[in-house]
Amino acid sequence: MSETKKINLVLNHLIEKLHINPLQAWQQYGCYRLSAVIFELRKRGWLIETEIVESSSPLGLSRHALYVLHAEANTAQIKRHKEIKNGK
């Protein structure tokens with residue numbers, strides 16, 4: 001799958017769900033390097049925050065990134081993205 005396709009899949013996920021973590025990106029889109037996709041989206045002007053989430057596992061405490069799209073800060077871009085997606 002091309003990088004452009006992965007970027008679009010992750011962006012669509014963020015617009016719909018407002019957040020994504022690396023495991024979701026891997027399982028749903030085959031995206032192994034989510035941080036690189038987020039970096040590219042930020043370069044394109046999308047405002048995405050990183051939150052560090054801690055959870056316990058059988059191996060102890062684990063930490064991972066949760067990427068959050070704040071819809072109110074990206075309103076114009078979301079509207080334009082949806083217009084492009086719908087062919088307007």
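Helices (H or I, at least four residues) and strands (E, at least two) are DSSP runs, numbered from the N terminus. The structure is a predicted model, in which local features need pLDDT of at least 70 and side-chain atom pairs count only at pLDDT 80 or more, while totals for chains, interfaces and linings use all residues. Residues are numbered from 1 along each chain as its sequence is written, and side-chain values use heavy atoms, with hydrogens and water left out.

The protein contains four helices and three strands. Along the sequence these elements follow the pattern α-β-α-α-β-β-α. Taken along the principal axes, the C-alpha atoms fill a box of roughly 50 × 30 × 20 Å. Accessible areas were computed by the Shrake-Rupley method with a 1.4 Å probe, and for residues only the protein chains shown count as cover. The protein exposes about 6,100 Å², of which carbon and sulfur atoms supply 54%. A residue is called buried under 20% relative accessible area, exposed over 50%, and partly exposed in between (1.4 Å probe, protein chains only). Of the 88 residues, 30% count as buried. A contact means heavy atoms within 4.5 Å. Among contacts with a separation of 6 or more, 48% come from residues 24 or more positions apart.

Helix H1 comprises residues 3-17. The expected span of a helix is 1.5 Å times one less than its number of residues. For the 15 residues of H1 this gives 21 Å, and the end C-alpha atoms are 21 Å apart, which agrees. The buried residues of H1 are Lys-6, Ile-7, Val-10, Leu-11, His-13, Leu-14 and Ile-15. An α-helix has 3.6 residues a turn, so residues three or four places apart point the same way. The cover over the buried residues of H1 includes strands E1 (19-20), E2 (48-57) and E3 (60-69), together with helices H2 (22-29), H3 (34-43) and H4 (75-85).

H1 is followed by Leu-18, which is placed in the loop between H1 and E1. Leu-18 is not a glycine, yet its phi is positive, at about 75°. Leu-18 counts as partly exposed because its relative accessibility is 34%.

Tyr-32 lies in the loop between H2 and H3. With a relative accessibility of 68%, Tyr-32 counts as exposed. Together with Leu-23 and Trp-26, Tyr-32 forms a nonpolar patch on the surface, and the three have about 420 Å² of accessible area together. Patches are made of residues with over 30% relative accessible area and no salt bridge; like charges are joined within 9 Å, and nonpolar side chains (Val, Leu, Ile, Met, Phe, Trp, Tyr) within 5 Å. A salt bridge is a side-chain nitrogen of Lys or Arg within 4 Å of a carboxyl oxygen of Asp or Glu.
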